[in-house]
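Trainee: Can we go through how some of the helices pack here? I would like to start with one pair and then move on.

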Amino acid sequence: MNRWLLTFNAGSSSIKLGVFRLDGERASKIGHGQLDLHLSPLRLRLEIEGKASAMAIDADPAASMDKVLEQVLHQLEVGHEQGALCAVGHRVVHGGLHLARSVRLDERIEQELESLAPLAPLHQPQNLRLIRAIARLRPGLPQTASFDTAFHATQDALARRFALPRKLHDEGVLRYGFHGISYRYIASELRRRQLPEAHGNVVVAHLGNGASLCGIQNGRSVDASTGFSTLEGVPMGTRCGALDAGVLLYLLQQGMTPAALEDLLYHQSGLLGVSGVSADVRTLQQSTEPSAREALELFALRCAGEAARLATTLGGMDALVFTAGIGEHDARMRAAICARLDWLGVQLDESANAQHLECISHQASRVRVLVIPTNEEQVIADDAARLIHGSPA
């Protein structure tokens with residue numbers, strides 16, 4: 001009988017699925033799927049071994065995630081005849097101070113993840129809903145977690161420290177960094193492709209609806225744009241990015257409640273807030289509204305600024321890598337960011353950039369500019385396969 005595992009990469013409004021066949025500790029991807037939680041009725045889109053399908057899910061995810069996943073698992077196990085499900089691997093956004101590597105889940109770890117929910121309110125509760133629904137539907141089935149924060153545990157204390165009283169730092173108020181699963185994949189891809197930059201100073205720009213940058217030195221995270229929460233760093237689809245703390249004090253003093261402030265910062269800000277048009281860069285690129293252009297220019301300005309700051313931490317920049325939805329597919333945004341880094345020696349080859357080639361820098365560029373697709377699901381699956389066989393992830 002076939003052995004397979006499933007991965008969940010849960011966002012605030014969608015759940016991405018990865019379907020992998022297991023051969024010992026080797027996980028080979030055979031399919032993927034997505035649940036868009038904003039659709040009503042809910043629909044599951046799958047593509048398994050080149051065969052695409054879509055089905056309605058007769059359940060409300062807000063009311064019962066168990067009923068949603070029961071139908072998803074039935075479709076995979078019976079409709080696609082996958083065989084024996086051996087494990088489920090999850091992307092979990094926040095691992096806190098103590099979870100610095102991927103783990104097999106148990107009740108104690110779930111409780112620790114729940115305590116971290118205020119630091120990632122868009123994602124952590126969704127992660128836990130999926131974990132607990134699977135536990136109820138398939139008691140005893142191994143589940144694993146790969147953490148967005150874990151890759152950044154290699155950063156030294158200086159890079160992670162805020163200029164706050166030491167007592168707060170010791171209690172865990174520090175820079176954690178996010179999108180670490182994606183950065184871990186890119187670091188491994190640089191090695192796999194035997195690129196010289198794998199052992200150098202690399203700035204990786206993970207640019208999607210959630211966006212951040214990371215400085216990687218010899219394959220290890222040294223610094224990142226994101227910090228204590230997923231709000232820090234560059235503007236994102238609906239999140240504000242770096243913000244003067246005085247703004248928060250001002251809004252609270254003006255009578256805004258903490259709940260309203262949270263909604264403002266996580267759901268109403270970023271590209272959506274500046275443009276008043278959309279959180280989606282594709283829509284903004286097509287818009288004729290001046291505010292849409294301003295949002296795009298602000299995004300490019302802040303991304304370039306973070307790249308330059310990370311180059312300072314690294315002591316130089318040998319390569320700039322673009323990844324994730326915007327980074328992989330938006331040539332205009334890549335060009336806008338690189339134009340602001342000309343003083344660092346970044347020069348694009350316009351034709352290569354337009355064709356989305358792997359190397360898009362001009363031969364005269366002092367910094368290599370690369371486009372490498374990320375694959376978070378493969379990292380999660382590899383971790384799960386090793387953990388259920390008792391090997392360290």
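This is a predicted model: local features need pLDDT of at least 70, side-chain atom pairs count only at pLDDT 80 or more; totals for chains, interfaces and linings use all residues.

Trainee: Which residues of α7 and α8 meet?

Mentor: On the α7 side they are Leu-248, Leu-251 and Leu-252, and on the α8 side Pro-258, Leu-261, Leu-264 and Leu-265. By class, that contact of α7 with α8 has seven nonpolar residues, with no polar and no charged ones.

Trainee: Changing topic: what volume does the second largest pocket have?

Mentor: About 740 Å³. It is lined by 24 residues.

Trainee: And which of the lining residues lie nearest the centre of that pocket?

Mentor: Phe-228, Ser-229, Leu-231, Leu-248 and Leu-265.

Trainee: Which helix gives the largest share of the lining of the second largest pocket?

Mentor: α8, with five residues. α7, residues 245-253, and α8, residues 258-267, each supply at least two residues of the lining.

Trainee: How many residues of that lining are nonpolar, polar and charged?

Mentor: The lining of the second largest pocket has 19 nonpolar, three polar and two charged residues.

Trainee: OK, another pair. At what angle do α6 and α15 pack?

Mentor: Helix α6 (residues 180-192) and helix α15 (residues 376-388) pack at about 90 degrees, with their axes 8 Å apart. α6 and α15 are therefore roughly perpendicular to each other.

Trainee: Which residues of α6 and α15 meet?

Mentor: Ile-181, Ser-182, Arg-184 and Tyr-185 in α6 meet Glu-376, Val-379, Ile-380, Asp-383 and Arg-386 in α15. By class, the contact of α6 with α15 has four nonpolar, one polar and four charged residues.

Trainee: Last pair, then. At roughly what angle do the axes of α11 and α13 cross?

Mentor: At roughly 55 degrees, and the axes of α11 (residues 290-314) and α13 (residues 331-339) come within 8 Å. That makes α11 oblique to α13. α11 passes α13 in a right-handed crossing.

Trainee: And which residues are in contact there, between α11 and α13?

Mentor: From α11, Arg-293, Leu-296, Phe-299, Ala-300, Cys-303 and Ala-304 meet Arg-332, Met-333, Ala-336 and Ile-337 of α13. By class, the contact of α11 with α13 has eight nonpolar, no polar and two charged residues.

How values were computed
Residues are numbered from 1 along each chain as its sequence is written. Side-chain values use heavy atoms; hydrogens and water are left out. Axes are lines fitted to C-alpha atoms, for helices over the stretch in contact, and angles run from 0 to 180 degrees between N-to-C directions. Helices (H or I, at least four residues) and strands (E, at least two) are DSSP runs, numbered from the N terminus. Angles under 35 degrees count as roughly parallel, over 145 as roughly antiparallel, 65 to 115 as roughly perpendicular and the rest as oblique. A crossing is left-handed if the near helix is turned anticlockwise from the far one by less than a right angle, and right-handed if clockwise. Contact means heavy atoms within 4.5 Å. Ala, Val, Leu, Ile, Met, Phe, Trp, Tyr, Cys and Pro count as nonpolar, Asp, Glu, Lys and Arg as charged, and the others, Gly among them, as polar. On a 1 Å grid over the protein atoms alone, a cavity is a set of points where a 1.4 Å probe fits but cannot get out, and a pocket is an open set with protein on both sides within 12 Å along at least five of seven lines; lining residues have an atom within 4 Å of a point. Grid points are joined across faces, edges and corners, and a volume is the space filled by probe spheres set on the points.
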